[in-house]
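Take a slow look at the model below. We will walk through it part by part, starting with one loop.

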Amino acid sequence: MNRVDFLLINPWIYDFSAHDFWLRPYGLLKFAGKLRKEGYTLFFLDLLDPFHPRLPKVPKRKAFGTGHFYKEVIPKPTYFLDVPRKLYRYGLPFEVFKEEVIKLQFSAVMLTCTLTYWYPGLFYLLRFFSEFYPEIPIFIGGIYARLCKDHLQSFIEKHISSPVKIVLEDLDTFVDGLKKKFIPTGNPLAHDYPAFDLQRRLPYVILQTSFGCPFSCPYCASRRLNPLFKQRDPWEVVDEILFWHTRFGVIDFAFYDDALLVNFENHLGIIIESLLQRNLKLRFHTPNALHARFITGDVAHLLKRAGFTTIRLGFERLEERIDNKVTTEEFIEAVQNLKEAGYTSRELGAYVLFGLPDEDFEGVKKSLFFLEGLRVAPFLAEFSPVPGTSLFEISKSTSRYPIEEDPLFHNKSVFPALKKPPWERIQEIKDLARGIRTRLNNL
Ligand code: SF4
């Protein structure tokens with residue numbers, strides 16, 4: 001029996017689709033890093049672990065550490081019967097989860113849940129620990145807990161007998177509180193970097209160099225989760241990158257920043273220049289999208305020289321914009337700068353918002369063709385209403401679901417903001433985006 005202070009679990013995902021496009025429970029691993037620095041011993045059980053030896057089928061891996069998760073089809077609830085897709089549970093089979101937990105002794109369980117509509121995985125775990133480990137305290141953090149606290153609280157009150165705390169304070173305050181109740185049984189680590197090394201393998205590391213975003217788009221959770229935009233000391237970020245590269249040989253790094261390029265000269269510029277001086281062979285990826293308006297010629301050249309390999313730009317749409325983060329002219333100029341710096345269509349992609357209330361399908365098509373004209377691969381970002389945003393309020397009246405009652409109805413794949421999604425047209429647009437990507441890839 002392996003005895004640890006805390007058991008940390010990344011839950012299953014119940015969804016129509018989920019990919020390991022640099023998808024890690026960053027907050028939970030960051031928390032784990034802080035706990036290790038205090039001397040706590042941990043077991044990280046990643047229920048999405050694509051490398052677990054007991055998976056019935058090995059999920060495919062792709063470039064730069066990305067890949068698939070193991071998945072099993074599950075029955076669709078009646079309210080999703082109109083959605084022409086299969087529903088899956090992504091992650092380890094239940095028996096494997098139980099085998100893992102039985103081997104352990106722990107003083108508390110720490111759980112997380114990222115997207116609001118992924119809570120079924122968390123709820124399964126809550127029921128499990130409440131039934132089989134009723135004395136063990138449970139701590140729950142993550143975006144779902146922060147955005148939908150009342151929904152979570154109501155489930156706990158009705159179904160869970162364990163002592164449960166929803167963690168809303170910042171991590172340092174929370175760890176200070178824990179220290180009053182739990183005595184660490186291990187040796188403190190010298191650093192508090194997110195505990196990526198607790199994973200079975202380390203194909204990539206996530207970086208977050210800033211919190212929040214100076215913009216305020218009506219569909220985005222950034223401002224709600226981080227009301228103030230803050231950047232970390234760039235030299236600390238350099239040390240963190242060097243730590244993972246020299247100690248663990250990590251080459252691929254993905255940024256979770258919402259506004260990576262803001263204040264470039266005093267922030268990312270310093271990080272890049274410092275890494276370039278060391279002549280390392282690293283690759284960087286920006287799945288969260290970069291602000292095109294900050295990509296000047298100099299910025300584009302630096303990104304290219306530093307090894308930024310996957311560039312995603314926030315485009316959203318060509319006409320009738322509902323945000324002000326970029327104009328069409330700024331976007332065109334950014335793409336020109338990136339091309340001049342040596343980027344090809346294979347490396348450049350842009351997100352197009354799809355599925356907004358009263359969606360203009362022709363407008364989406366125009367946006368896709370516009371990107372094809374610029375030779376930038378289009379990726380559809382299906383709209384999910386985020387509680388606390390103005391588009392959530394609008395979606396309440398355009399949705400066919402009571403989205404304010406159950407976060408399951410925020411699922412982007414069900415096109416929750418539409419009264420009656422025209423599935424054939426939706427598929428046509430998805431095929432169009434895929435076809436354009438294939439054409440651009442073959443250039
Ligand atoms: S610019 Fe991006 S991160 Fe910032 S508020 Fe808008 S969508 Fe969110």
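**A walk through the model**

Phe64 sits in the loop between β5 and β6 (67-68). Helices (H or I, at least four residues) and strands (E, at least two) are DSSP runs, numbered from the N terminus. Residues are numbered from 1 along each chain as its sequence is written. The model is predicted: local features need pLDDT of at least 70, side-chain atom pairs count only at pLDDT 80 or more, and totals for chains, interfaces and linings use all residues.

Stay with Phe64 for a moment. Its phi is positive, about 60°, although Phe64 is not a glycine. Most residues other than glycine have a negative phi. Is Phe64 buried, exposed or partly exposed? Phe64 is partly exposed, because 19 other C-beta atoms lie within 10 Å. The rule is a count: a residue is buried if 20 or more other C-beta atoms lie within 10 Å of its own, exposed if 12 or fewer, and partly exposed in between, with C-beta atoms placed from the backbone.

Trp22 also has a positive phi, near 55°, and is not a glycine. Find Trp22 in the loop between β4 (19-20) and α1 (26-37). Trp22 counts as buried, because it has 23 C-beta neighbours inside 10 Å.

Now step back to the domains. The domain assignment gives domain 1 (2-181) and domain 2 (199-441). Such bounds come from an automatic or database domain assignment. The C-alpha centres of domain 1 and domain 2 lie 25 Å apart. How many residues of domain 1 are in contact with domain 2? There are 28, and they meet 28 residues of domain 2. Two residues are in contact if their C-beta atoms, placed from the backbone, lie within 7 Å. On the side of domain 1 that touches domain 2, the elements giving two or more residues are β5 (42-46) and α4 (143-147). The most come from α4, with 4 residues. This side of domain 1 divides into 17 nonpolar, 5 polar and 6 charged residues. Ala, Val, Leu, Ile, Met, Phe, Trp, Tyr, Cys and Pro count as nonpolar, Asp, Glu, Lys and Arg as charged, and the others, Gly among them, as polar.

Next, look at helix α3 (residues 119-132). Its 14 residues should span 20 Å at 1.5 Å a residue, and its end C-alpha atoms are 20 Å apart, which agrees. The expected span is 1.5 Å times one less than the number of residues. Which residues of α3 are buried? They are Tyr119, Gly121, Leu122, Leu125, Leu126 and Phe129. These residues cover an arc of only 155° around the axis, so they are on the same side of α3. The arc is that of the directions from the helix axis to the C-beta atoms. An α-helix has 3.6 residues a turn, so residues three or four places apart point the same way. On the other side of α3, Glu131 and Phe132 are exposed. The cover over the buried residues of α3 includes β2 (6-10), β3 (13-15), β10 (108-112), β11 (138-141) and α4.

Val364, Ser367, Leu368, Phe370 and Leu371 are buried in α12. Seen down the axis of α12, these buried residues fall within an arc of 160°, so they line one face of the helix. The face turned away from them carries the exposed residues Glu362 and Gly373. Among the elements covering the buried residues of α12 are β18 (308-316), β19 (348-354), β20 (377-382) and α14 (423-441). After α12 comes Arg375, with a positive phi near 60°.

Last, turn to the ligand. Around the ligand are Cys213, Phe215, Ser216, Cys217, Cys220, Ser222, Asp258, Ala259, Gly314, Asp323 and Lys325. A residue is near a molecule if its C-beta atom, placed from the backbone, lies within 6 Å of it. By class, this shell has 5 nonpolar, 3 polar and 3 charged residues.

Ala221 lies in the loop between β14 (210-211) and α7 (222-225). Ala221 is buried, because 21 other C-beta atoms lie within 10 Å. Leaving aside neighbours within four places in sequence, Ala221 is in contact with Leu147, Val386 and Thr389.
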